[in-house]
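Student: I would like to go through a structure and ask what stands behind the terms.
Tutor: Here it is.

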Amino acid sequence: MRPIIADSSPLIGLSRINQLELLPKLFGSVLVPPVVVEELFSKGHEKKGVEALRAATWLKTQELKDPNTLKVISSTLDPGERAAIALAYESKEALLVDDLAARREAERLGIEIYGTLSVLLEAKVDGFIPALKPLVEALVQEGFWLSPKLIEDILREANESKKNPRT
């Protein structure tokens, strides 16, 4: 199994719905740059899901080998997204990120991208979870913004949509 590089948002989302353990099942280990570690733990010691993140032995901090790699990444993104994209670009590993602008930047650089919902879909396909819809609903309840179209698309792909289910 190849590791995946992660930004903070998917880690927070999965931890809040108690599905963080899907990541090592799907990817083995998750690598995060130090700035993402700061985002995860600096301002949210009491936030839901933080303890699960602290206990995740498969979550590893990884420095960039060449700090100049950051120069390749758009400076309009937040520091965590920039560092995660740079680490994925440098290591040639897949990237776990949800922010649309960050995803576009990663696509521009040819990086394989996963989002929180694609992780949940893959977990369902691999038999780690029985259904996607309750977890998507839990994410929304936790304040995780998902467009209605994105929700419909992923539920259709998981064959859990009332509209045009796959046969």
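Student: Where does Asn159 lie?
Tutor: Asn159 lies in the segment after α9 (148-157). Helices (H or I, at least four residues) and strands (E, at least two) are DSSP runs, numbered from the N terminus. Residues are numbered from 1 along each chain as its sequence is written. This is a predicted model, in which local features need pLDDT of at least 70, side-chain atom pairs count only at pLDDT 80 or more, and totals for chains, interfaces and linings use all residues; side-chain values use heavy atoms, with hydrogens and water left out.

Student: Why is Asn159 called partly exposed?
Tutor: Buried means under 20% relative accessible area, exposed means over 50%, and partly exposed is in between (1.4 Å probe, protein chains only). Asn159 has 38% relative accessibility, so it counts as partly exposed. Asn159 also has a positive phi of about 60°, although it is not a glycine.

Student: What makes Lys92 exposed?
Tutor: Its relative accessible area is 65%, and exposed means over 50%. Lys92 therefore counts as exposed. Lys92 lies in the loop between α5 and β4 (94-96). Lys92 has a positive phi of about 60° and is not a glycine.

Student: Is Thr57 buried or exposed, and how do you know?
Tutor: The relative accessible area of Thr57 is 63%, so Thr57 is exposed. Thr57 is found in the loop between α4 (50-55) and β3 (59-61). From Thr57 to Val32 there are 25 residues in sequence and 13 Å in space, C-alpha to C-alpha.

Student: Why is Leu117 called buried?
Tutor: Buried means under 20%, and the relative accessible area of Leu117 is 6%, so Leu117 is buried. Leu117 lies in helix α7.

Student: Which residues does Leu117 touch?
Tutor: Contact means heavy atoms within 4.5 Å. Not counting residues up to four places away in sequence, Leu117 touches Val136, Leu139, Leu146, Leu150 and Ile154.

Student: Why is α7 called roughly antiparallel to α8?
Tutor: Two packed helices are described by the angle between their axes and the distance between the axes. Axes are lines fitted to C-alpha atoms, for helices over the stretch in contact, and angles run from 0 to 180 degrees between N-to-C directions. Angles under 35 degrees count as roughly parallel, over 145 as roughly antiparallel, 65 to 115 as roughly perpendicular and the rest as oblique. The axes of α7 and α8 come within 10 Å and cross at roughly 155°. That makes α7 roughly antiparallel to α8.

Student: Which residues of α7 and α8 meet?
Tutor: Thr116, Leu117 and Leu120 in α7 meet Leu135, Val136 and Leu139 in α8. By class, this contact of α7 with α8 has five nonpolar, one polar and no charged residues. Here Ala, Val, Leu, Ile, Met, Phe, Trp, Tyr, Cys and Pro count as nonpolar, Asp, Glu, Lys and Arg as charged, and the others, Gly among them, as polar.

Student: What makes α3 oblique to α5?
Tutor: Helix α3 (residues 34-41) and helix α5 (residues 79-91) pack at an angle of about 140°, with their axes 8 Å apart. That makes α3 oblique to α5. Val35, Val36 and Glu39 of α3 make the contact with Pro79, Gly80 and Ala83 of α5. These residues divide into four nonpolar, one polar and one charged.

Student: Why are α1 and α3 called oblique to each other?
Tutor: Helix α1 (residues 8-16) and α3 pack at about 40°, with their axes 10 Å apart. α1 and α3 are therefore oblique to each other. The contact is made by Ser8, Leu11 and Ile12 of α1 and Val36, Glu39 and Leu40 of α3.

Student: What makes a set of residues a nonpolar core?
Tutor: A nonpolar core is a set of buried Ala, Val, Leu, Ile, Met, Phe, Trp, Tyr and Cys residues joined through side-chain atoms within 4.5 Å. Of the 39 residues in the largest nonpolar core, Leu11, Leu23, Val30, Leu59, Val119, Leu120 and Leu132 touch the most other members. The largest share of this core, five residues, comes from helix α7 (residues 116-125). A second, separate core of 17 residues includes Ala106, Leu109, Ile111 and Ile113.
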